[in-house]
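This report describes one structure, with attention to its sheet, its helices and a few individual residues. Please read it alongside the sequence and the coordinates.

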Amino acid sequence: MTDALIRTLRCAGIDLADVERRLAPWLGRGVSVSCPPGDGEILVRLSTGRPALGELEAAVLGALGGDCYGKDEETLEAVVGHLLRDRRLTLSVAESCTGGLLGHRITNVPGSSVYFERGVVVYSYRAKEELLGIPSQLLAAHGAVSAPVAEAMARGIREMSGSHLALAITGVAGPDGGTPAKPVGTVFIGLASSDGARSHHFLFSGNRESIKWQSSQQALDLLRRHLLTA
């Protein structure tokens, strides 16, 4: 194709089948879709001549809506950082199974000190109790990998840090530790704000590294969507 241009649109929080359904009119006609294993995102590539790129991009973006978080080399953590900065909001995180990966990604963005207040890794029951104030009774009743504990983690780090917002992740990254009720890949992500705390349940596939990455990706996307609608 003469003077072909390529643009990559990045999507999160949506499955491949839904993206393909929405983009069916353009697939094979300048648009292709891929889902890199374990990345927790879907890439939509546009390839067309210079005069038509703007029109094609506008149409595809209209079909993707808020599930598209960025273009080309933009990262989800950078997009979230811009939203936090623009709204003058601060963020803290509490991590268990991701072991600091979420905080690492957030602080990889230059200037993140403006909005990132703190992060803690609370791997054990004891750490969750001592650093976040989670009652031992709650942990005993529900287990560390549960919706109530994810919400309590998010509430705890938000209250202790004084941040506007907080994220928490707890899960089973594997390869061991899974049960029939909570198999490997089970992850709960908590988000706390002035409106309270809520949690989301996910079941990821892949190896330990992949599950940790997908967990951090989903946490960032949940925060992105909250910031866009708050």
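The sections below go from the sheet to the helices and then to the remaining strands.

The model is predicted, and its description can begin with an open sheet of five strands, arranged in the order E6-E5-E7-E8-E9 with mixed pairing. Strand E6 (116-121) and strand E9 (196-203) are the edge strands, each of them pairing on one side only. On average, and with direction ignored, neighbouring strands of this sheet are turned by 15 degrees against each other.

Strand E5 (residues 91-95) pairs with E6 in the parallel sense over five bridges, and Glu-95 has Val-121 in E6 as its bridge partner. The pairing of E7 with E8, by contrast, is antiparallel and runs over six bridges, with Val-187 in E8 as the bridge partner of Gly-171. E8 and E9 also run antiparallel, joined by eight bridges, and Phe-188 stands opposite His-201 in E9. These two strands, E8 and E9, form a hairpin with two residues between them.

## Strand E8 and its two covered faces

How many of the eight residues of E8 are buried? The count is eight of eight, and the burial extends to both faces of the strand. In a regular strand, side chains alternate between the two faces of the sheet. In E8, Thr-186, Phe-188, Gly-190 and Ala-192 lie on one side, while Val-187, Ile-189, Leu-191 and Ser-193 lie on the other, and all of these residues are buried.

## Helices H7 and H8 against the sheet

Helix H7 (residues 147-161) packs on the sheet, where it touches E5, E6, strand E7 (165-171), strand E8 (186-193) and E9. The direction of H7 makes about 145 degrees with that of E7. Helix H8, for its part, lies across E5, E7, E8 and E9, and runs at about 30 degrees to E8.

H8 (residues 208-229) has 22 residues and reaches 32 Å from its first C-alpha to its last, close to the 32 Å expected at 1.5 Å a residue. At the start of H8, a side-chain oxygen of Asn-207 comes to within 3.3 Å of the backbone nitrogen of Glu-209. Two residues of this helix can be followed individually, His-226 and Asp-221. His-226 has a relative accessibility of 10% and therefore counts as buried; leaving aside neighbours within four places in sequence, its contacts are Leu-165, Leu-191, Ser-193 and Arg-198. Asp-221 is buried as well, with a relative accessible area of 2%, and, with neighbours within four places again left aside, is in contact with Ala-12, Gly-13 and Leu-76.

## The aromatic pair

The structure holds one aromatic pair. The rings of Phe-202 and Phe-204 have centres 5.4 Å apart and planes at 10 degrees, and the pair is therefore classed as stacked. Both members fall under the 20% limit for burial: Phe-202 counts as buried at 17% relative accessibility, and Phe-204 is buried at 9%.

## Helix H3

Helix H3 (residues 76-87) has 12 residues and spans 17 Å from its first C-alpha to its last, close to the 16 Å expected at 1.5 Å a residue. Its buried residues are Leu-76, Glu-77, Ala-78, Val-79, Val-80, Gly-81, Leu-83 and Leu-84. The elements that cover these buried residues include strand E4 (68-71), E5, helix H4 (101-107), E7 and H8. H3 is followed by Arg-88, which has a positive phi, near 55 degrees.

Strand E2 (residues 31-34) and E3 run antiparallel and are joined by four bridges, with Val-31 standing opposite Leu-46 in E3. Strand E3 (residues 42-49) is mostly covered, in that six of its eight residues are buried.

The loop between E2 and E3 contains Cys-35, which counts as partly exposed because its relative accessibility is 40%. Not counting residues up to four places away in sequence, Cys-35 touches Leu-16, Glu-41 and Ile-42. Of these contacts, Leu-16 is 19 residues from Cys-35 in sequence, while the two C-alpha atoms are 6.9 Å apart in space.

How values were computed:
Residues numbered from 1 in each chain as written. Predicted model: local features only at pLDDT ≥ 70, side-chain atom pairs only at ≥ 80, totals over all residues. Heavy atoms only, no water. Expected span 1.5 Å × (residues − 1). Polar contact = N/O pair within 3.5 Å; in protein donor to acceptor, adjacent residues only side chain to side chain. Pairing = 2+ DSSP bridges. Axes fitted to C-alpha atoms, helices over the stretch in contact; angles between N-to-C directions. Contact = heavy atoms within 4.5 Å. Phe/Tyr/Trp six-rings, centres within 6.5 Å; stacked < 30°, edge-to-face > 60°. Buried < 20%, exposed > 50% of the residue type's maximum accessible area, 1.4 Å probe, protein only.
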